[in-house]
Amino acid sequence: MKNKYIALLGNPNVGKTSLFNRLTKLNQKVGNYPGITVEKREGDLHANNKTYKIVDLPGTYTLFPNSIDERVVFDVLSDKNNKYYPELVVVVSEPSTLKRSIILYQQVRELGLPAIFVINMMDEIEIKGIEIDIPKLEQFLKTKVYLTNARTGDSISKLIKDFDAVPSAYYGSFTIPEKYTEALDEAKKLFPLETEYATWQYLAQEYISFLPDEKNKAIQSIRQKHGLDIQALQKDESIIRNDSIGRSLDSILVKKENRRLNSTSKLDKILLHPVFGYVIFFGILFLIFQAIYAWSAPFMDFIDESFASLVGTFHEWLPEGPLSSLFIDGIIAGIGGIVIFLPQIIILFVFISLMEETGYMSRVVFIMDRWLRPFGLNGKSVIPLMSGNACAIPAVMAARNIENPKERLITMLVTPFMTCSARLPIYIVIIGLVIPEETFLGFNLQGVVLFIMYILGIVGALFSALILSKIIKSFQKSYLIFELPTYKMPDWKNVLLNVWEKSSGFLFGAGKIILAISVILWVLGNFGPGEKFSNAEEFVRAENPTIAEEDLPNEVASYQLEHSYLGYIGMAIEPVVRPLGYDWKMGIGLISSFAAREVFVGTMAVVYSLGDEVDIEDDESRKSLFTRMQSEINRNTGEPAYNFASGVSLLLFYAFAMQCMATIAVVKKETGSWKWTLIQTAFMTGFAYLAAFIAYQFLK
């Protein structure tokens, strides 16, 4: 027997997701609607001796869509051929915003769908100073009204028991203005089997995605013939419904003192203050940044040490050989390179979930939107951008909270410009090599240059966003229309579930791509053609007869890397990187650091026969690396490989180039498109190359 589809519909911040979690008991799955990057949440409910399919639709204020998320809602509820077309709609509201929820309910019923009405957060009715005459409300809505508390589970069972009940007949409460009747009558001839209100919706929208092109063109012709404007149609409906509902609610709803609203107003005087509001927000951002960068360090170190120990154990257990090495150093180490990001992702999304659950995220959008909108971004873009200073992986994922698809895409495309913590080892080494350790006006020059690198990341992100906002077209206009919800305690189940979804999504989604690239890079660096790779020790001894035994392993590793496939690729790209002031050895560093930016330092240590365990935080180890790199001569120029010109060029390249394979993987997963992922990679790499080229040619 076909499972019954039940759709949950409601405004943002009414507790719809909490109700969804209660109904499905976490027996749910999260994905994207086909062809678009809008999150789809569906789950199973086993009750009444059957299974119901529960679909949690994106939050919306009306069935007239202004974003892709809202377009999904309209398509699901209007297209009878849609996979998720429901047999019942549960309209979820909360005590203080009943009017908006009733508008949604009326629109759904007039489309011809059966629906019931839920007032969630029933415990807040008294707190918010509200009295509701439930029998009168049921009479007005012509349906059963349920009072629930999704946080505690109160009255959820009563709601579930009535999922098979048939709502009473409903007669439209929206009277279409007489000035539109002629046009509507013409449109009704195109859709003789639709309800009158469904036809009105077609007439009042610019484009209906599930209708054939000829029908859309026919509707457009009717609008043009009668001089109709879709904004005017939608506005007239909104005015009529609000007036009608407002009069009816006067006898149903009584509002007294709202204690929760009073507390919210007092907090907003501080959190939305033109000065203190920004101070508090950036203080919270600083805390998030520190948490991602510092709090995650012990967990990341534990994961790193655990996988290093696991690799060492497998090396002891398994015989030497290419297959063992592939499994241990390619696959096991590659999985470690994925898992190590989890602490940062978890910490970031705990903060984001808490801000959303408490109602503070809406304030973030409000205070930051005016500064970011000129660059084509959204107020919510500030979280991904600032989080990018710790790690681009969770930062790109954080852009999911941006409703407008164009602004979400731009945010994901420019976030990798922000200076992540993985770039820091490179900056420390290069700055230490080419910038003198002197002071200027009391400031340490090396510290000033490091600060400039962070500023360049911000400038690169905003400049790129400005360009992309002119190039990327959007079918959805962006409006700053949202409510400032009252502050409330977070629903910890929602927080934990959101963190789990994002973390597992990265692990099993982007992780597959990261692992594949890790293995490819491992193969390129650990295999090579010819005798010079396979018999590297013999060649090293022949070229250095007096070499000390303790130096031999590092020299052999360096010789093998030089004659590996990765080494030959480095030599092959030398003509390309030569104009930037680099030689083939630096080219190998650029390629290997695609695995992770910090790998550049270890690769250079191997190339220069120092081993791959160089720790730049250790003074002696750092000094040895600096000494060796300072003595290196670029065979193309005959000058020191790391001089001021090539050093600045290298700094600029790493400031603007795509960060790493993990970033590419997560961008692909979040955008759902290789097209935009490859465009982003090409744009950032090209921009980095141009900046490095200009700097070197000007300074050499």
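How many aromatic pairs does a search of the whole structure find? In this predicted model, the search finds 22 aromatic pairs. The close-ups below start with two of these.

**View B. Tyr105 and Phe117 form an edge-to-face pair.** Look for a centre-to-centre distance of 5.9 Å and an angle of 85° between the planes. Tyr105 sits in helix H3 (residues 98-110) and Phe117 in strand S6 (residues 115-119), 12 residues apart. Tyr105 is buried, at a relative accessible area of 0%, and Phe117 is buried at 0% relative accessibility.

**View C. Tyr582 takes its place in the largest nonpolar core.** This core has 91 residues, and Phe281, Ile383 and Tyr582 touch the most other members. Beyond its neighbours up to four places away in sequence, Tyr582 touches residues including Val577, Leu590, Phe653 and Ala692.

**View D. Ser564 is found in the loop between helices H24 (552-562) and H25 (565-572).** Ser564 is buried because its relative accessible area is 0%, below the 20% cut-off. Setting aside neighbours within four places in sequence, its contacts are Leu524, Gly525, Phe527, Gly528 and Phe533.

**View E. Two charged residues lie over aromatic rings.** The charged end of Lys144 sits over the Tyr146 ring, 5.9 Å from its centre. Arg370 lies over the face of Trp371, 4.6 Å from the ring centre.

Key
Residues numbered from 1 in each chain as written. Predicted model: local features only at pLDDT ≥ 70, side-chain atom pairs only at ≥ 80, totals over all residues. Heavy atoms only, no water. Helix = DSSP H or I, 4+ residues; strand = E, 2+ residues; numbered from the N terminus. Buried < 20%, exposed > 50% of the residue type's maximum accessible area, 1.4 Å probe, protein only. Contact = heavy atoms within 4.5 Å. Core = buried A, V, L, I, M, F, W, Y, C linked by side-chain atoms within 4.5 Å. Phe/Tyr/Trp six-rings, centres within 6.5 Å; stacked < 30°, edge-to-face > 60°. Lys NZ or Arg CZ within 6 Å of the ring centre and 35° of its normal.
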